[in-house]
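Me: I am new to this structure. Please take a close look at the ligand and the space around it.

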Amino acid sequence: MFEIAIDRDACDGIFACLARDGRFVEDDDGLATIDPDAAGVVSVERTDERVVALLEGDAEADDDDATLAARACPPGAISVREVDA
Ligand code: SF4
């Protein structure tokens, strides 16, 4: 499993992430979040500061969409890391 975290204080709402990974969507504040109904998404928790999503699979592959989204994010607001199941 892996975790995608979005720093909502850093997110600028330009949505480079949405073009790289279809699991990223716009929330009601105009910032990025993860679609809880997208394939492989186990959970999504949102606070004022962060969105943390838990997903099935392996994020370490170079071509993983979430990794591409993190690389494309201008302020570096997205982090992706492996977590224990
Ligand atoms: S690319 Fe980064 S800053 Fe832009 S909307 Fe996505 S998470 Fe926010």
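Reply: What follows looks at the ligand's site, then at one arginine. The model is predicted.

Start with the cavity. The structure holds 1 cavity of 30 Å³ or more. The volume of the largest cavity is about 80 Å³. The ligand takes up the space of this largest cavity.

Next, the neighbours. Around the ligand stand Cys11, Asp12, Gly13, Ile14, Phe15, Ala16 and Cys17. Ala32, Cys73, Pro75 and Ile78 also surround the ligand. By class, this shell has 9 nonpolar residues, 1 polar and 1 charged. Asp12 belongs to the shell, and Asp counts as charged.

Now the cavity's lining. Cys11, Asp12, Gly13, Ile14, Phe15, Ala16 and Cys17 are among the residues that line the largest cavity. Ala32, Cys73, Pro74, Ala77 and Ile78 line the cavity too. The lining divides into 10 nonpolar, 1 polar and 1 charged residues.

Last, the arginine. Arginine 23 sits in the loop that joins helix H1 (16-20) to strand E2 (24-26). Is arginine 23 buried or exposed? Its relative accessibility is 15%. The cut-off for buried is under 20%, so arginine 23 counts as buried. The side chain of arginine 23 also has a partner: it makes a polar contact with the side chain of aspartate 21, at 2.7 Å.

Methods:
Residues are numbered from 1 along each chain as its sequence is written. This is a predicted model: local features need pLDDT of at least 70, side-chain atom pairs count only at pLDDT 80 or more; totals for chains, interfaces and linings use all residues. Side-chain values use heavy atoms; hydrogens and water are left out. A residue is near a molecule or strand if one of its heavy atoms lies within 4 Å of it. On a 1 Å grid over the protein atoms alone, a cavity is a set of points where a 1.4 Å probe fits but cannot get out, and a pocket is an open set with protein on both sides within 12 Å along at least five of seven lines; lining residues have an atom within 4 Å of a point. A molecule sits in a cavity or pocket if more than half of its atoms lie within 2 Å of its grid points. Grid points are joined across faces, edges and corners, and a volume is the space filled by probe spheres set on the points. Helices (H or I, at least four residues) and strands (E, at least two) are DSSP runs, numbered from the N terminus. Buried means under 20% relative accessible area, exposed over 50%, partly exposed in between (1.4 Å probe, protein chains only). A polar contact is a pair of N or O atoms within 3.5 Å; within protein, one must be able to donate a hydrogen and the other to accept it, and residues adjacent in sequence count only if both atoms are side-chain atoms.
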